[in-house]
Amino acid sequence: EKIKCLREERERREAEAIKIFLNPNCLPEMTTEKRQRVLTKITLDKSTNIEALERELAELELNIRMLREAETKRFVAKSRKGDLLCQLEKKEELREKVLQSNEDLKQRLFNLRMGIEATLAFDDNLAGRRLSLSEVVEKALAGENLKKLSSINPGQQTPSSVEDDDPAKEKETQMILEYMERWNELLGEEKYEAAAIHAANSPKGVLRNSETFLAFKNVKQVSGGEKSPLLIYCEILLSTVTHRSTRPSKADSVECVKCALDHGKLELVAHWLANDVLECCVSMGAIIEEYAVAAGQQRDAGDEQRLAYSLAVTSYMRCGADKQAAICMCKQGRLYGMVAFARDTGSFKSEDYIGVLEAVPELEVGLVLVGASLVGVYRVLQVLESDRKGFLKALGSREDLIDIIRKDGWTSSSDWTKIVIACEEENVWEEGINIVACELVNRVLFDN
């Protein structure tokens, strides 16, 4: 019963709304009860104040006008949907006709330009002969000199297309030329900071290129402990990077990093990488890694070396050089972090881990790889030829040796025999006996 009442009330209100929409002037009159309810909002002082009543009346009239506009403009009856669709279709048809007319005009203009160019092209050959313009154009179109021109699609941008005469483009070109001339003036006046700002904010990035880097690089080093012009430009250039498309190229990014490191500004490189304004590549990671190696040869440079290695790892990871990143992590001493990273990538195979060990042939790296069952024991022994004794001694005394042997799918029985022989040669008898025993137990229990 309640649902029925609600439906009737909704139908009544819809009928009233349609009636008001069709005849906005026929709004229902306000009943005495409603009038009284509105008037009760006015205080006694306001009801005797003519100015206050006039303001109230003006406000009410404004509300009424807004309601009428809302009824007539903002809301449309559902019955008018078909009419609106018809109007939309007519507008679409008109738009298509205008577009077609525009294309026809472009085609016509293109043909006229071809005729003019044909006339100019054959003017010398037709000197002294009486031929009409139409004959000249026909002869030109049939000739070899305009085969390329006649094959051009009118929709393509060509030297003789409509866009070449665009005044806006000419003005833009002139503005860019003036901008570049001003940059040359600033550079010649040795106003390097102003020139750097001018280049970094150049229109359409015309000065954000390698030529600008070379220009600042060729400037002689300033004296008095001031920043080099190239470093000034690098800082300003990267401070104006707003999104990925405005980053410098890989080569320019490498130049920025190299310039900062040449001036010992490792924290500046860290700032750039943290803000993701560089286009990372393998060359960049290698430069930072070389800086880390050089920093390790200095006293009290441990923190700086660790930071440099971390930045090199970041650079390698961002450009997808996973193997180089793993090698750099090993040099940093993050062996278990390297293993976790390599496993997360899902692309490392046994030979990749051997490549990491060959790049960093240290005992700790070999033991971690063997302990994680990522490589074969005999293959590690071959790589660590210079420290065979240390590796065999450490391997033979491990408590998880049986598990290592069981999970080692790369070392064959003959390889284990060679390992035992190596133990004998290096005089690590106890460890060799332990390796033989564990290998034998593993073969019996797990049928390897």
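Here is a short walk through some helices, salt bridges and a surface patch in this predicted model.

Let's start with a pair of packed helices. Two packed helices are described by the angle between their axes and the distance between the axes. Helix H16 (residues 322-332) meets helix H18 (residues 350-359) at an angle of about 45°, and their axes lie 9 Å apart. H16 and H18 are therefore oblique to each other, and their crossing is right-handed.

Next come the charged side chains. Side chains of opposite charge can pair when their charged atoms come close. Across the whole structure, 18 salt bridges turn up. One of them joins Glu9 and Arg12, at 2.4 Å from N to O. These two residues sit three apart in helix H1 (residues 2-22), so about one helical turn separates Glu9 from Arg12. Glu9 is partly exposed at 30% relative accessible area, and Arg12 is partly exposed at 38%.

The bridge between Glu385 and Arg388 has its closest N and O atoms 3.7 Å apart. Here Glu385 is partly exposed, at 48%, whereas Arg388 counts as buried because its relative accessibility is 15%, and the cut-off for buried is under 20%.

Now move to helix H22 (residues 401-407), which holds Ile402. In H22, Arg406 and Asp403 are three residues apart, about one turn of the helix. Their salt bridge brings the closest N and O atoms to 3.5 Å. Elsewhere, salt bridges with shared partners link Arg247, Asp276, Glu279 and Arg318 into one network.

Note on methods
Residues numbered from 1 in each chain as written. Predicted model: local features only at pLDDT ≥ 70, side-chain atom pairs only at ≥ 80, totals over all residues. Heavy atoms only, no water. Helix = DSSP H or I, 4+ residues; strand = E, 2+ residues; numbered from the N terminus. Axes fitted to C-alpha atoms, helices over the stretch in contact; angles between N-to-C directions. Parallel < 35°, antiparallel > 145°, perpendicular 65-115°, else oblique. Left-handed = near helix turned anticlockwise from the far one by under 90°. Salt bridge = Lys/Arg side-chain N within 4 Å of Asp/Glu carboxyl O. Buried < 20%, exposed > 50% of the residue type's maximum accessible area, 1.4 Å probe, protein only.
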